[in-house]
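Keep the structure in view as you read.

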Amino acid sequence: MWKSISQVLADQFGAYYSIKNKTKIHTGEMHESWIIDDGIQPVFVKMNEKSYRSMFRAEADQLIMLAKTNTVRVPEVYGVGCSQNHSFLLLEGLAMQPNTPQNMAEFGEQLARLHQYQGSENYGLSFDTWLGPQYQPNEWGSRWAKFFSEQRIGWQLQLCAEKNLHFGDQEEIIKAVATLLAKHQPKPSLLHGNLWIENCANIDGHTVTYDPACYWGDRECDLAFTELFEPFPQEFYENYHRTFPLDEGYQARKIIYQLYHLLNFSSRFHGNYVALANKLVHDVLQRCEVLERKI
């Protein structure tokens, strides 16, 4: 395996990459992770069984796609490969430091510019991705309410149901989400898709973000997730809004977008996430009922 990694890095750096140091690190629930170096160039290594190669390829493609926008900073991709029994993703090795209001303020403007980046008139992506360990379908769609209610909320409800987690009638919840979003047809923005404080780090005074779950969608989805658990510093939101002011009605839509992530966390971790998701489902159904009475 390490020989295969050295060969991929040799293609990247133009010379044989002799691994001198290997340090295993804990980074998440799925993959084994290492920091390696040849005495000069540090490299971050994600590895898993050989069957995970497509997941690593999708992550690499998303990071490359984000980098090409020249907006947010992401780790440089050095390569994707496999050995006889393993697959791996090789990324720029970065010395991460705690976030500060200063670097996150700059990131607010960068994210706004990412969301202003133009490239699609529809919602979705040309390939499917993963939100953590969960598959995320990105079939193209022209109506935002249909895309989000079915491919986001409906998909997560089904994944939860497969783990015997039930939040009510699936079709009723999907219909309620579609109803509440029916008049909202935002211009598609390229989303990070998995944007919370755990996926941002301070590198020499600048924010680097990673572990994306990209697609073209409503930019408010990114912002809603930043507010769900540990909100970003106020300076981040001030700079974002100054660069790209939000549309009217964001506060009402926010809980719908947060529900997607709470359902994801519910099926992965259970615990208190289930109660939080239940509360948002109740709120969504109640708001839909009120709206339908008015109509």
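**A guided tour of the model**

Start at Asn 164, which sits in the loop between helix H4 (144-162) and helix H5 (170-181). The model is a predicted one. Asn 164 has a positive phi of about 65 degrees, although it is not a glycine. Most residues other than glycine have a negative phi. The side of the story told by accessibility is simple: Asn 164 counts as exposed, because its relative accessibility is 62% and the cut-off is over 50%.

His 270 repeats the backbone theme. Its phi is positive too, about 60 degrees, and His 270 is not a glycine. The residue lies in the loop between helix H8 (250-269) and helix H9 (272-294). His 270 is partly exposed, with a relative accessible area of 33%.

Gly 119 lies between helix H3 (101-116) and strand E6 (129-131). Its relative accessible area is 61%, so Gly 119 is exposed. Gly 119 and Leu 190 are 71 residues apart in sequence. In space, their C-alpha atoms are 7.9 Å apart.

Now turn to the sheet. Which strands form it, and in what order? It is an open sheet of 5 strands, ordered E1-E2-E3-E5-E4, with antiparallel pairing. Strand E1 (21-25) and E4 stand at the edges. Each has a single partner strand, so one side of each is left without a neighbour in the sheet. From one strand to the next, the twist averages 20 degrees. Strands of a sheet pair through backbone hydrogen bonds.

Look at two of the pairings. Strand E2 (residues 32-37) and E3 are antiparallel and share 6 bridges. Across that pairing, Trp 34 stands opposite Val 45 in E3. E4 and E5 also run antiparallel, joined by 5 bridges. There, Gly 81 faces Phe 88 in E5 as its opposite residue. A hairpin through 3 residues joins E4 to E5.

Helix H1 (residues 2-13) lies across E1, E2, E3, E4 and E5. H1 runs at about 145 degrees to E4. H2 lies across E3, E4 and E5. Its angle to E4 is about 165 degrees.

Next, the charges. The count comes to 11 salt bridges. One of them joins the side chains of Lys 46 and Glu 59, at 2.9 Å from N to O. This pair links distant parts of the chain: Lys 46 is in strand E3 (residues 42-49), and Glu 59 is in helix H2 (residues 53-68), 13 residues apart. Lys 46 counts as buried, because its relative accessibility is 9% and the cut-off is under 20%. Glu 59 is buried as well, with a relative accessible area of 9%. Lys 46 and Glu 59 also belong to a network of salt bridges that includes Asp 211.

The side chains of Glu 92 and Arg 73 meet in a salt bridge of 3.4 Å, N to O. Glu 92 lies in strand E5 (residues 86-92), and Arg 73 lies in the loop between H2 and strand E4 (77-82), so the pair ties together parts that are 19 residues apart in sequence. Glu 92 is buried at a relative accessible area of 18%. Arg 73 is partly exposed, at 32% relative accessibility.

The tour ends in H9. This helix has 23 residues and reaches 34 Å from its first C-alpha to its last. That is close to the 33 Å expected at 1.5 Å a residue. Its buried residues are Val 274, Ala 277, Leu 280, Val 281, Asp 283, Val 284 and Cys 288. What covers them includes H5 and H8. Asp 283 also meets Lys 279 in a salt bridge, 3.1 Å from N to O. Both residues lie in helix H9, 4 residues apart, about one turn of the helix. Asp 283 has a relative accessible area of 18%, which means that it is buried.

How values were computed: Residues numbered from 1 in each chain as written. Predicted model: local features only at pLDDT ≥ 70, side-chain atom pairs only at ≥ 80, totals over all residues. Heavy atoms only, no water. Helix = DSSP H or I, 4+ residues; strand = E, 2+ residues; numbered from the N terminus. Buried < 20%, exposed > 50% of the residue type's maximum accessible area, 1.4 Å probe, protein only. Salt bridge = Lys/Arg side-chain N within 4 Å of Asp/Glu carboxyl O. Pairing = 2+ DSSP bridges. Expected span 1.5 Å × (residues − 1). Contact = heavy atoms within 4.5 Å. Axes fitted to C-alpha atoms, helices over the stretch in contact; angles between N-to-C directions.
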